[in-house]
Amino acid sequence: MGMTQLVHGNSELRLAMNGLGSNICLVPTMGALHEGHLSLIKACQKECDICIVSIFVNPTQFNQKDDLEKYPRQITKDQALIQKECDYLFLPSVSQIYPKVLDTNVDLDISHLTASMEGPNRPGHFDGVVQVLKRFIDILEPDYIYMGQKDFQQFSIVDYMLKKLNLKTSLRVCPTIREADGLAMSSRNLRLEPAIRRSASIIFKALSYAKEKLGKVKPGKIEAKAIEMMSIKHFEPEYFEIVDGCSMERIKDPEAHDLIVACTASWAGKIRLIDNLILKGEAELFAE
Ligand code: AMP
C-alpha cells in the first residue's frame with residue numbers, strides 16, 4: 001500500500017480511480033479519526049481493491065447549530081493518521097455535495113425506523129444521513145460501504161435505503177471499538193471535560209447490566225434500572241431502550257425476537273453520547 005492520495009473534487013476522484021479495480025469501498029466519516037474509524041478502514045482493506053475514506057462534516061444531519069460548529073475538526077492530524085491506511089482520502093466541500101442546482105433530497109419513507117430513539121430526539125438527523133449517503137453513492141458508486149455498529153439505528157436505516165432504492169452498494173458493519181473502561185470511541189469524546197470523561201464508563205456499565213439481566217428481568221424494568229444507574233452527576237440520560245434490532249421497536253418478550261439491542265443516549269455535561277450493545281443474536285451485515 002502506497003501513500004494515501006488526497007482528492008477534493010468529485011470528478012478528480014473518479015478520474016484517479018479509472019481502471020484501478022472493480023471493488024471500490026467507502027468508509028464515510030466526519031473526521032477527528034480514532035481507532036473505531038481505523039477498524040472500519042482495516043476491514044475495508046481486507047475485502048476491497050480501492051479503499052476511499054471520506055471526511056465530511058455533513059451540515060444536514062446536525063439538528064443543533066452549536067454541535068455542528070463545535071464538532072472537532074483536525075484534518076492535518078487525520079491525514080497523518082491514515083497516511084498509509086487507505087488509497088484515497090476524499091475531502092469534498094459542502095457545495096460539491098449539495099450543489100445549488102441539484103435537488104439532493106431523497107424520496108424515501110423511513111418513518112417506521114425513526115419513530116424511536118435517535119429519531120424523535122434528533123429531528124431531521126436521519127434525513128440528513130440518508131441524503132449525504134445517497135450523494136456519496138451517486139458520486140463514488142462504491143460496491144461496499146463500511147459503517148460502525150456504534151450507530152445502530154443509523155446503519156439500519158442506511159441498509160434499508162440501499163435495499164429499498166435497489167442500489168448496487170452493499171453495507172458492511174464493524175463492531176464498536178471501546179476505550180479500556182468501556183466507553184465507546186467517539187469523536188465527541190474529545191470534547192468531554194476530564195471529570196465527566198472519568199465517569200463516562202457508566203454508559204457501558206448500564207448496557208452490560210442490561211445484557212446480564214435480559215431473560216431474567218422484564219425489559220421495562222431493566223430499562224428503568226439502567227436509566228437510574230446512568231443518572232449520576234453531570235449525566236442526563238435521554239433514553240435507554242431495549243429494541244428489536246430490525247424494527248427498532250421496544251420489546252416485551254425476549255423469546256419472541258432473534259436480535260435484541262439495548263440502545264442509549266445520554267448527555268454528559270454539554271456533550272451527547274450514544275452507545276448500544278447487542279443483547280441477543282447477531283446482526284447480519286457484519287464484516288468478517
Ligand atoms: P462518524 O465520524 O462519527 O460519523 O463515524 C463514521 C463511521 O465510524 C460511522 O459508521 C460510525 O458508526 C463509525 N464509528 C464511530 N465510532 C466507532 C467506534 N467506536 N467503533 C466502530 N465504529 C465507529
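1. Let's start with overall size. A compact globule of 288 residues would have a radius of gyration near 19 Å, and the chain agrees, because its own value is 19 Å. That radius is taken over C-alpha atoms, and the globule rule is 2.2 Å times the number of residues to the power 0.38. The C-alpha atoms fill a box of roughly 55 × 40 × 35 Å along the principal axes.

2. A word on ground rules. This is a predicted model, where local features need pLDDT of at least 70 and side-chain atom pairs count only at pLDDT 80 or more, while totals for chains, interfaces and linings use all residues. Residues are numbered from 1 along each chain as its sequence is written, and side-chain values use heavy atoms, with hydrogens and water left out.

3. On to the fold. The chain has 11 helices and 9 strands, counted as DSSP runs numbered from the N terminus (helices: H or I, at least four residues; strands: E, at least two). Domain 1 covers 5–174 and domain 2 covers 187–280, with bounds from an automatic or database domain assignment. Their centres, over C-alpha atoms, sit 25 Å apart.

4. Now the interface. In domain 1, 24 residues are in contact with 22 residues of domain 2 (contact: heavy atoms within 4.5 Å). The two domains bury about 1,900 Å² between them, 53% of it on carbon and sulfur atoms; buried area is the accessible area (1.4 Å probe) that two parts lose on being put together, summed over both.

5. What about charges there? The interface of domain 1 and domain 2 has 3 salt bridges, each a side-chain nitrogen of Lys or Arg within 4 Å of a carboxyl oxygen of Asp or Glu. Helix 3 (65–70), helix 6 (118–121) and helix 8 (152–164) each supply at least two residues to the domain 1 side that touches domain 2. Helix 8 gives the most, with 3 residues.

6. Finally, salt bridges in general. One pairs Glu47 with Arg172, the closest N and O atoms being 2.9 Å apart. Glu47 lies in helix 2 (residues 35–47) and Arg172 in strand 6 (residues 170–174), so this pair links parts of the chain 125 residues apart. Asp67 and Arg191 also form a salt bridge through their side chains, at 3.9 Å, N to O.
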